[in-house]
Every structure is written in C-alpha cells, then in structure tokens.
Amino acid sequence: MRWKWLIPAIYIFFLLLPIYWLVNMSLKTNDEILSMFTLWPQDLTFANYKVIFTDASWYSGYINSMIYVSVNVLISVCFALPAAYAFSRYSFVGDKHLFFWLLTNRMAPPAVFALPFFQLYSSIGLFDTHIAVALAHCLFNLPLAVWILEGFMSGIPKEIDETAFVDGYSWPRFFVKIFIPNIASGIGVTAFFCFMFSWVELLLARTLTAVHAKPISAIMTRTVSASGLDWGVLAAAGVLTILPGALVIYFVRNHIAKGFALGRV
Amino acid sequence: MIQKQVNQKAWFMVLPVFLLVAFSAVIPLMTVVNYSFQDTFGSNQFFWVGMDWFRDLMHSERFHDAFLRQIAFSSIILAIEIPLGIAIALAMPRKGWGVPVCLISMSLPLLIPWNVVGTIWQIFGRVDIGLLGHSLASMGIDYNYTQDPIAAWITIIVMDVWHWTSLVVLLSYAGLCSIPDAYYQAAKIDGASRIAVFRYIQLPKMQGVLLIAVLLRFMDSFMIYTEPFVITGGGPGNSTTFMSIDLVKMAVGQFDLGPAAAMSLVYFLIILLLSWIFYTVMSNVGEESKNGGA
C-alpha cells in the first residue's frame, strides 16, 4: 500500500498533460508551432493573448458568456430554493412524479431542443439575446439546482424549522434569516454547478445567438473554420476559457465532494 | 429519512420551477411532436403524414447504425470510467495537503467548455503539432484520427475518459469519506480482508453516489455531441456519427424537419426509458441492502 499515491499521481499527470500542451502552444508563435516540435516554448510570446484582449470580436465573446451564465445562475438558484424546500419538507399530490419529470429534463438531449428553441425564441423576439440563452440553459440547470438543494436541505434537521415557527417566525422570515444561512454552502455548490453546466454548454448557446450574444465557445469554432487556423490564438482562447472554472473551483474546494454527490452523502 | 408532512400548499413553492421548466421543455417538445406527423414543401405549408416518419425511421439503416454506435460508445464509457473512477477514489489520500491538490486538479477537466475539450484533444492528437500524435508517430505507430476509424474511436474514448472519469472519482470519494472510522476498526478486529472491506463496507456506502454517477455518465455519454463534432465531425465516413450529431445534421444541416422530429422523439423516449430502468433498479438495490444489511 506504500505506492498507493502513485495511482492518483499518474491520473493527475494524465489529466494535466493535454492542458499543459494547450498552454504551451498558446505561448508559442505560429511559426514555432508549425515548423518545429518543442516541449516548451523556445521563443516565449504573449502576442496570442494580446490579440484576444485587443480584438472586440474575441473579448466580447467572454463578456457575452459571462452575462448569460450569471443570469442563468441567478434564475436557477432563486427559483430552485423554494421548490427544493417543498420537496425536502412536504409531501404533496404528484411530488414524486414531478421530481422525476424534472430529472428527465436534465436527461433531455440538447440536440432535440436546438431547433424548437430557435423557433420559440425567434417568435417571441428573444433570439440573439443573453436572456434567451440563460432561459434555455434553465432547462437542465433548474432541475439540477432543485436536485442538489433538495439533497442539502434534507440534511438539515426538521427541528430547526419547528423551533423557528414556535418562536413566532413567519415562513419568509424564517427562510431568509435562519434557513438560508444554514444551507449557505449548499447554495454555493449549487451556484457552482449551474455555472459549470451553463459555461460548458455550446450547442444551445450557439443555436440561439448570432452576433450580439455570441458566446466565446461559438466564436472559437467559427474561427477554426474561417481564418485558416491560427493555432496560437486558438490555444490562447482555450486557455482563457479554462481560467474562470479554475478560479471558481478554488472557492468551493472544501464542499466540492459533497456537491458532486448532489448533496447526498 | 425525514418524515414528511402532507401539505398541498407546497405546490405554490414548486410552481415557479414547474412553469419555467414547462415553458422551456413542454412547448418545444410539442413543436417536435407536431413536426413529426407532418411534411412540408417549404413556405410554411404543412400537411399530415401520420406515422410515416416513424415507419421510415424504424427501417432506416442510418438510424440503426447511429443507434448501435451510440450504445457501443456508452457501454465502453461506463465499463471504463466507473471501475477506474472507483479505483482512483480508493487510492486517494484522506487527509493532508494531497486532498485539495487532488480535488482541484481532478475537477479541472469538468469545467472546460466542451468544445475546448474537443479542441484540446484535436491539437493533442495531431501528428504534426500534438504531443500524443507526434509521440505515437515517432514510435512508429500509424495513428491518424481523421482517416482511421479505429484511431478516431480510441481518441474519442480516451478523451471522454480524460474529461469525465473525475466525476466518478469525486462522487466515489465523497461516498468513501462518509464512512465512519469505527466501521474500519470493527472490520480490522474481525480480521476482514481488503476485498471483504470493499465488498461489505465501502461498496454499500458508495451505492447512492454510484447511482448518481452511473445515471449522469450514461445520460451525458448518450447525448454526446460537441466533443466528437469538434474532433472528427462524425467522420471518418460516418464512423463516429453518434445520435446527436446525426440529429443535428438532419435538422439544421439538411432541414428535414419531419424525420428529424421523429428521430428526436424516439431518441428522447429511449433515454427516458433507459434512465428510468437505471433509476428503479438502483434504488431497489438500495432499499434491499438497507432492509437486509442494517
């Protein structure tokens, strides 16, 4: 068992290798990428990053992505909170069916919804807006949020609710003053997961946007086909899409295991 | 488990979620159902064709192939990722500086946008500029994922293992961490073997989280779209055209609304059915072990 640590170590090495390669490429010039094979940049350059930060067609993608992801996280968490409370504390007509139905939307292939979403949001004039993408992502993020929050809430003893009501708290006041602080970490984890799934999704975001709300991931795929493959800039754009995720993980690192178990450990 | 109070007013708390999800799920789904029974000559003129699209679909070679590829892909993914994930979780440190290092670096791939995951592996596997492709080529292995179907499959599977095994690891790890030390001490006193500890203590405790892991991995691998689309575009030939890729090709590329809608519905029903089976089987297993084991 002394060599047990080798297994995770090898696995992490395997995980980081392709990411290292991307970072490595983003710091090279295109000449170096194409003409020679080097394990680290011989001629270190930040020109690729400069292109992204100075060209509006690049950096606007990051801004668009950030906007719709934040709106989606906000909607998902606010709507899911009372629903998750209801599922964890009360039993009511159709609760189990409703819970499974919500889950099925998490399972629905986005490919099925791409075209109808396009028509739906075009017909109500929301096409190519951030709110359209944020609402579309609610399809899978809202059920996920309800699921995770329900898991966390079921871990809070019911006595807390009862004591508060005996003390004369009204439900809204109890919820905001007592319950929410109790599941603060659960809310953080939920927000993290909504962020994650909205941030990584491409198909719906690409289908629902044209110019004004185009996410960075869609801009990347377009650039691959259009400008004759500028590998260095593409790699730099890729590295920059990894950064927000890496930053967010840092904040939830202590709760991440429980979060990945959707609050059920 | 908390004893739940019956309260029909709880519906009001669920209502906002219900309405929003219904808006984003039911209305589009109705459009799909609508198209699946009609044909069009363009210019918004539709006429009723009944079950024709479904009949075509059931006899379509293309659909069968995509479906079989999809099943094969999902089975391979589950067969590799679940055992591998459990093994890594068992070997992970329980305390000390190794824990945050493992957790953070392992969750990194999960937070990379899916098309960037595709791009990373596209670059990584290229013979001219990628580390993997270049190394394999210099070892004399003939590897080209754009021309060789087997190489394309291996690339996509390795990519998916790279991308998603961490999810299984983190879930299993969370399950393992919830086992009280007393269990292990009792097992030690009884002289239980390593395998017995795994079989009777660790595995039952991980059951709940493994259900989530299997469900999530199955569903997500079954609707995989972006990564193979970026890496191979469904090729070479049609060898990596999975169901989502086929569907998007049909709906957006060729604009065959009717057949695409019929396929969407069948696709959705298959996922629903399989997930329901998984859900029921795994939760029954959970109930039994609770009743029998306790």
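How many helices and strands does the secondary structure of chain B come to? Select chain B and count: 12 helices and 3 strands. Keep in mind on this tour that the model is predicted.

**Stop 1: the two chains**

Stay with chain B for a moment. This chain has 294 residues, and 40% of them are buried. Now look at its contacts between residues at least 6 apart in sequence. Of these, 70% join residues at least 24 apart.

Switch to chain A. Here you will find 14 helices and 1 strand. The chain has 265 residues, of which 48% count as buried. Its C-alpha trace spans about 75 × 65 × 30 Å along the principal axes. Among contacts in chain A with a separation of 6 or more, residues 24 or more positions apart account for 80%.

**Stop 2: where the chains touch**

Show both chains together. On one side, 81 residues of chain A are in contact; on the other, 77 residues of chain B. Which helix gives the most to the side of chain A that touches chain B? Select residues 6-26 of chain A: this is helix H1, and it gives 12 residues. Colour that whole side of chain A by class. You get 65 nonpolar, 10 polar and 6 charged residues.

**Stop 3: a strand pair across the chains**

Select residues 90-91 of chain A, then residues 5-6 of chain B. These are strand S1 of chain A and strand S1 of chain B, joined by 2 bridges. The two strands run parallel. Click on A:Ser91, and you will find B:Val6 of S1(B) opposite.

**Stop 4: helix H4 of chain A against chain B**

Next, select helix H4 of chain A, residues 56-89. Is the crossing of H4(A) and H1(B) left-handed or right-handed? The crossing is left-handed.

Show the side chains here. From H4(A), pick A:Phe79, A:Ala80, A:Pro82, A:Ala83, A:Tyr85 and A:Ala86. They meet B:Ala10, B:Met13, B:Val14, B:Pro16, B:Val17 and B:Leu20 of H1(B). By class, this contact of H4(A) with H1(B) has 12 nonpolar residues, with no polar and no charged ones.

**Stop 5**

Which residues make the contact? On H4(A), select A:Ser65, A:Val69, A:Asn72, A:Val73, A:Ser76, A:Val77 and A:Ala80. On H10(A), select A:Ile187, A:Thr190, A:Ala191, A:Cys194, A:Phe195, A:Ser198 and A:Trp199. The residues of the contact of H4(A) with H10(A) divide into 9 nonpolar, 5 polar and no charged. Note A:Ala80: this residue takes part in the contact with H10(A), and A:Ala80 also belongs to the group that meets H1(B).

**Stop 6: a helix pair in chain B**

Move to chain B. Select helix H5, residues 114-125, and helix H7, residues 149-177. Their axes come within 11 Å and cross at roughly 130 degrees. That makes H5(B) oblique to H7(B). The crossing of these two helices is right-handed. On H5(B), the contact uses B:Val117, B:Trp121 and B:Gly125. On H7(B), it uses B:Thr155, B:Met159 and B:His163. By class, the contact of H5(B) with H7(B) has 3 nonpolar, 3 polar and no charged residues.

**Stop 7: two single residues**

Zoom in on B:Phe268. Its place is in helix H12 of chain B, residues 257-293. Is B:Phe268 buried or exposed? B:Phe268 is buried, because 20 other C-beta atoms lie within 10 Å, and 20 or more is the cut-off for buried. Leaving aside neighbours within four places in sequence, B:Phe268 is in contact with A:Ala108, A:Pro109 and A:Val112. Now draw a distance from B:Phe268 to B:Ile141. They are 127 residues apart in sequence and 40 Å apart in space, C-alpha to C-alpha.

Finish at A:Asp128. Look in the loop between helix H6 (110-123) and helix H7 (130-154) of chain A. A:Asp128 is not a glycine, yet its phi is positive, at about 65 degrees. With 16 C-beta neighbours inside 10 Å, A:Asp128 counts as partly exposed.

Notes: Residues are numbered from 1 along each chain as its sequence is written. Chains are lettered from A and ligands numbered from 1 in the order in which they are written. Helices (H or I, at least four residues) and strands (E, at least two) are DSSP runs, numbered from the N terminus. A residue is buried if 20 or more other C-beta atoms lie within 10 Å of its own, exposed if 12 or fewer, and partly exposed in between; C-beta atoms are placed from the backbone. Two residues are in contact if their C-beta atoms, placed from the backbone, lie within 7 Å. Axes are lines fitted to C-alpha atoms, for helices over the stretch in contact, and angles run from 0 to 180 degrees between N-to-C directions. Ala, Val, Leu, Ile, Met, Phe, Trp, Tyr, Cys and Pro count as nonpolar, Asp, Glu, Lys and Arg as charged, and the others, Gly among them, as polar. Two strands pair if DSSP finds at least two bridges between them. A crossing is left-handed if the near helix is turned anticlockwise from the far one by less than a right angle, and right-handed if clockwise. Angles under 35 degrees count as roughly parallel, over 145 as roughly antiparallel, 65 to 115 as roughly perpendicular and the rest as oblique.
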